[in-house]
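These are my notebook entries on a structure that I looked up. I turned to its charged pairs and then to one helix contact.

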Amino acid sequence: MQAAPTELQTLLDLIDSYPQLHAKTLTKVNLKKQSYPVICAELGAKGGNVPCVLFVSGVHGVELIGIQVVIALLESILSRLEWDCQLQQLLTKIKIAFVPIVNPIGLLRSTRCNGHRVDLMRNAPIEAESKVTFLVGGQKLSSHLPWYRGHQGVEQETRALIQYVELLKACSTSLISLDAHSGFGMTDHIWFPFAGSSKPVSSLGQIYYLEQLYQSSYPYHNHYSFSPQSLIYRTHGDIWDYLAANESDKPFLPLTLEMGSWSWVKKNPRQVFNFAGLFNPQKQHRQVRALRKHTVFMQFLLDLAASRELEHMSAEGLKLQNQAAINRWFQR
């Protein structure tokens with residue numbers, strides 16, 4: 001019997017060790033007669049009258065650093081719960097949800113794709129509105145080529161994540177999600193929908209306001225390059241595009257953290273000869289730095305959700321923020 005990947009075992013151990021962490025299996029995927037769960041875990045307030053923040057990772061199994069960043073946050077929160085009265089108070093105001101390993105087969109095999117060789121971030125049932133980058137934007141030519149979208153409809157991992165996010169949207173007063181990835185660029189990005197369209201997402205003004213609050217609150221901390229993903233490259237089948245396309249009367253801010261892995265390759269060029277090295281830091285001190293550098297932004301998301309600042313924006317204030325965002329990202 002093949003052992004569970006280290007990160008999956010860590011997650012299972014946390015669930016066993018902390019009874020306040022409520023976990024359930026969204027689906028199970030099989031490989032060589034072995035079953036691996038896609039797990040969600042929740043902390044905080046019960047009921048549907050509170051905001052929710054969701055942390056997702058492992059959509060691409062080879063992007064190990066994203067999984068490690070999300071699990072490191074979970075470990076920190078669980079450890080602090082024993083003594084941190086401010087955190088205890090925070091968790092009476094919000095729900096925190098985690099899906100750290102969306103693609104356990106990809107994690108086990110160190111691949112972007114799942115067990116059917118499908119790239120889950122090209123697999124949602126939504127088409128780009130204009131031409132996408134060849135191959136990179138998603139292709140149905142062959143499962144032997146990267147960025148394969150699949151021919152059998154929505155994969156079970158994709159469906160499980162979509163259904164879970166829809167549930168969180170329905171039972172929360174607002175939802176902020178952060179999906180951790182790596183493998184592109186020299187700097188760290190925060191992307192938001194749409195990846196397959198040049199039209200603004202309905203929560204554009206709120207996302208712009210979120211960025212302004214973060215930059216003003218932490219002017220000397222890690223700065224991210226915020227933009228719609230379509231300004232970088234366009235794709236078919238983006239999960240967050242699909243979820244954002246379903247209009248909601250509640251604030252829904254789907255964010256993607258894209259860690260700039262090219263800087264790790266630049267500092268250690270030998271990584272280019274290792275597939276995992278294209279996506280993850282190979283030196284321990286760089287891995288440790290990546291695990292800590294995003295903590296402030298993730299904690300900011302929790303504090304912002306608890307404040308309900310986004311929920312209480314006036315119609316006039318939201319209109320001003322939306323226009324400023326359009327001027328910045330769409331007047332080109």
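I looked up the salt bridges and found ten in the structure; the term needs a side-chain nitrogen of Lys or Arg within 4 Å of a carboxyl oxygen of Asp or Glu. I noted that this is a predicted model, in which local features need pLDDT of at least 70 and side-chain atom pairs pLDDT 80 or more, while totals for chains, interfaces and linings use all residues. Residues are numbered from 1 along each chain as its sequence is written, and side-chain values use heavy atoms, without hydrogens and water.

I looked up Arg112, which forms a salt bridge with Glu63, the closest N and O atoms being 3.5 Å apart. The two lie 49 residues apart, each in a loop. Both Arg112 and Glu63 are buried (under 20% relative accessible area; exposed is over 50%, partly exposed in between, with a 1.4 Å probe and protein chains only). Glu63, Arg112 and Asp119 are linked in a salt-bridge network.

I next looked up Glu211, which pairs with Arg328 in a salt bridge, the closest N and O atoms being 2.5 Å apart. This pair links helix H6 to helix H11 across 117 residues. Glu211 is buried at 3% relative accessible area, whereas Arg328 is partly exposed at 34%.

I then checked the helices themselves (DSSP runs of H or I, at least four residues, numbered from the N terminus). The axes of H6 (residues 204-217) and H11 (residues 315-329) come within 7 Å and cross at roughly 85°; the axes are lines fitted to C-alpha atoms over the stretch in contact, with angles from 0 to 180 degrees between N-to-C directions.
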